[in-house]
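Hi,

Here is the model I promised to pass on. Have a look at it first, and then read my notes below with the structure open beside them.

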Amino acid sequence: MPDEIVISAQGLTKRYGATIAVDHIDLDVRAGEIVGILGPNGSGKTTTILMLLGLTEPTEGRAEVAGFDPLRDPLEVKRRVGYLPDSVGFYDGLSARDNLAYTGRLAGLSRREIDQRFTEALERVGLPDVGRDRVATFSRGMRQRLGLAEVLMKRPSIAILDEPTATLDPHSTQEFLGMIRGLKADGTAVLLSSHHLDQVQSVCDRVALFNRGRIALWGSVTELAQRVLGGGYVIDVEARGDAVRNQLAAVPGVVRVQALGPELYRVDCERDLRAEIARRLAPSFDLLGIRFAEPSLNEVYTRYFDEVRDAA
Amino acid sequence: MRRRGSPFTGVGVVLAKEAADYLSGARMWLLEALVFLTAIAAAYAAILSIRANIGESPFLFLRLLTMAQDPLPSFIALLGFLIPLVAIAIGFDAINGEFSRRTLSRVLAQPIYRDALLLGKFLAGLVALAIGLFSLWLLTIGLGLLLLGLAPNTQEMVRMLGFLVATIAYGGVWLAVAFLFSVVFRAPATAALAALGVWLLFSLFWSVVTPLVATLIAGPPEGILGPNLAYLQTAQTLDRISPNTLYAEIALALLQPATRALGPVLYSQVQGALLGAPLPVAQSFILVWPQITGLIAGMIVIFAIAYIVFQRQEIRA
């Protein structure tokens with residue numbers, strides 16, 4: 001069911017002595033949704049993931065993953081969740097097949113299921129012919145793909161991917177993002193932790209921005225942009241002439257104008273102002289184009305942390 | 001809050017994988033070769049000596065294990081020295097190796113508890129050790145059969161089997177020590193050094209330390225009226241903290257059937273005894289029962305400490 005909540009957390013908290021790693025976070029993820037987890041190092045992303053997997057106990061609060069409490073039923077949770085840690089490690093002396101057969105057996109798969117799913121998963125991640133090769137001979141990119149193949153073999157209802165593209169080259173990254181979209185198409189909910197904001201923006205439906213153990217911002221990129229950049233609409237305007245910027249800034253509802261090039265301006269607006277901007281510019285300037293621009297997650301992130309720093 | 005599901009889910013899978021890794025690994029092959037060669041050389045040297053004095057003892061097979069022939073020490077002395085090394089080599093990187101390979105979180109993300117991982121790995125180490133020792137045991141008997149031309153009698157077989165079990169328990173203690181350090185230290189080299197340090201302490205220095213401590217606790221070894229019994233008992237108690245001492249006492253009582261006591265014996269206790277006459281097998285086992293249970297208990301206690309430490313660790317690799 002698309003609207004079914006598969007991950008929910010209420011007041012989830014983790015303390016290490018006096019240090020608060022995760023501070024009363026609330027989170028919900030629906031089936032078939034890709035949710036990005038962003039934030040600086042040490043902001044609580046990985047600790048949250050570990051709590052959701054039942055690998056570390058929360059100090060306070062509760063979570064439900066795939067219908068089970070990770071604290072009380074960690075085995076049931078882990079049966080339904082595929083986890084790809086950052087810089088995934090394998091037993092180098094074993095073949096790709098033996099590595100995945102081991103975790104497959106731990107996951108309770110039969111020998112026949114392992115054989116069948118292993119072949120399918122390797123094909124899906126673009127490594128169809130390496131099953132018998134020792135993992136020691138694999139590049140980092142191949143290891144990440146093999147890690148994703150392990151997740152696929154489990155056929156999970158939830159996939160948690162921690163920095164999956166951190167060590168990949170641009171081409172492999174694009175392929176990997178395609179595979180993540182494939183998980184969504186299967187109806188798998190994906191929790192994606194990453195520092196690559198453009199990648200998160202390109203695949204995620206919603207984003208949770210962590211800061212000092214709290215979820216500081218939560219929602220779609222457009223919603224985040226509305227809160228942080230002060231406008232929910234970003235419009236790119238191409239126009240030729242003097243003082244275009246001043247004219248744009250004078251339109252009621254415009255929050256900010258940036259010059260991206262000699263004839264290109266980005267306008268943050270409170271509402272859809274394309275018609276008003278066109279009316280204002282057309283008499284005096286050569287209006288070459290006007291269109292919505294996707295608000296940049298990178299910009300949201302940078303602006304948010306600039307504001308946090310300024311406030312401090 | 002009580003967790004649901006068995007903590008032993010997946011133990012068998014971990015055991016099978018790890019035992020296969022241990023038994024097929026180059027490290028294990030090298031160590032097994034070292035143990036086999038030295039032990040067989042010691043047994044062979046003992047056989048040559050026994051053949052020259054064939055009528056001296058009814059327990060020729062047991063003498064095969066206990067007789068030293070210059071320049072080689074006895075078979076059991078070599079085992080007592082080398083088994084800890086093999087056990088430490090098996091276990092020093094059991095857990096920290098998973099951290100450094102970054103495989104731990106991947107494995108623990110499968111539906112198993114960390115209890116199963118630790119227990120499965122430990123049992124796999126014990127199985128690998130037992131397979132190696134059992135092979136060596138069979139090889140030694142085979143060598144004795146070939147070169148002595150005699151078969152071991154039932155009493156010898158039972159004693160040798162008991163000794164094999166005790167050797168596995170002795171190896172288990174050192175395996176548990178290695179596991180403990182592999183949990184405590186993240187760097188495998190540090191864990192190996194720490195385990196070797198403990199082994200050196202008990203192998204070389206413990207016999208120097210115990211008389212000093214016993215003297216501090218119970219006074220000098222010699223009193224005005226003769227030997228100080230309190231000193232002897234204290235020194236022996238301290239000595240028995242060392243697994244090496246427990247193992248040596250088991251070997252002595254099981255493989256030298258004439259051994260009637262393992263502690264200080266008063267003159268009144270040996271009145272009427274036929275000195276030099278062998279004890280029945282059951283009596284020898286009763287004599288070393290505390291030592292055998294001591295080794296097994298030591299193994300369990302050290303493993304339990306490793307288990308508790310591991311349970312409290314954060315899994316971030």
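One cut-off before the notes: two residues are taken to be in contact if their C-beta atoms, placed from the backbone, lie within 7 Å. Please also keep in mind that this is a predicted model.

**Where the chains meet**

With that cut-off, the contact between the chains takes 25 residues from chain A and 22 residues from chain B. On the chain A side, three helices each supply at least two of the residues that touch chain B: α1 (45-53), α2 (74-80) and α3 (96-106). Sorted by class, that side of chain A has 14 nonpolar, 6 polar and 5 charged residues.

**How chain A is divided**

Chain A has a domain 1, covering 5-224, and a domain 2, covering 230-294. Taken over C-alpha atoms, the centres of domain 1 of chain A and domain 2 of chain A are separated by 41 Å.

**Parallel strands in chain A**

I would start with strand β3 of chain A, residues 34-38, where 5 of 5 residues are buried. A:Ile34, A:Gly36 and A:Leu38 point one way from this strand, A:Val35 and A:Ile37 point the other way, and all are buried. β3(A) runs parallel to β7(A), and 4 bridges join them. In that pairing, A:Ile34 stands opposite A:Val190. β3(A) also pairs with β8(A), again in the parallel sense and over 4 bridges. There, A:Gly36 has A:Val207 as its bridge partner.

Strand β6 of chain A, residues 158-162, is mostly covered too, with 5 of its 5 residues buried. On one side these are A:Ile158, A:Ile160 and A:Asp162, and on the other A:Ala159 and A:Leu161.

Strand β5 of chain A, residues 81-84, is joined to β6(A) by 4 bridges, and A:Leu84 stands opposite A:Leu161. Strand β7 of chain A, residues 189-193, pairs with β6(A) in the parallel sense over 5 bridges. A:Ile160 finds its bridge partner there in A:Leu191. To get from β6(A) to β7(A), the chain passes through helix α6 of chain A, residues 170-185, in a right-handed β-α-β crossover.

**The antiparallel sheet**

Another part of chain A holds an open sheet of 4 strands with antiparallel pairing, in the order β11-β12-β10-β13. From one strand to the next, the twist averages 20°.

Looking at one pair within this sheet, β11(A) and strand β12 of chain A, residues 264-269, are antiparallel over 6 bridges. A:Gly261 is the residue opposite A:Leu264 of β12(A). Helix α10 of chain A, residues 274-281, lies across β10 (233-240), β12 and β13 of chain A, and runs at about 170° to β13(A).

**Residues to check by eye**

A:His24, in strand β2 of chain A (residues 19-30), has phi near 50°, a positive value in a residue other than glycine. A:Arg212 likewise has a positive phi, about 50°, although it is not a glycine. A:Arg212 lies in the loop between β8 (206-211) and β9 (214-219) of chain A.

How exposed are they? A:His24 counts as partly exposed because 15 other C-beta atoms lie within 10 Å, and the cut-offs are 20 or more for buried and 12 or fewer for exposed. A:Arg212 is partly exposed as well, with 15 other C-beta atoms within 10 Å.

Finally, there is A:Val130, in the loop between α4 (111-124) and α5 (140-153) of chain A. A:Val130 has 19 other C-beta atoms within 10 Å, so this residue is partly exposed. A:Val130 and A:Leu146 are 16 residues apart in sequence, and their C-alpha atoms are 9.8 Å apart in space.

Best wishes

Technical notes
Residues numbered from 1 in each chain as written. Chains lettered and ligands numbered in written order. Predicted model: local features only at pLDDT ≥ 70, side-chain atom pairs only at ≥ 80, totals over all residues. Pairing = 2+ DSSP bridges. Axes fitted to C-alpha atoms, helices over the stretch in contact; angles between N-to-C directions. Nonpolar A, V, L, I, M, F, W, Y, C, P; charged D, E, K, R; others polar. Domains from an automatic or database assignment. Right-handed = clockwise from strand over helix to strand, strands pointing away.
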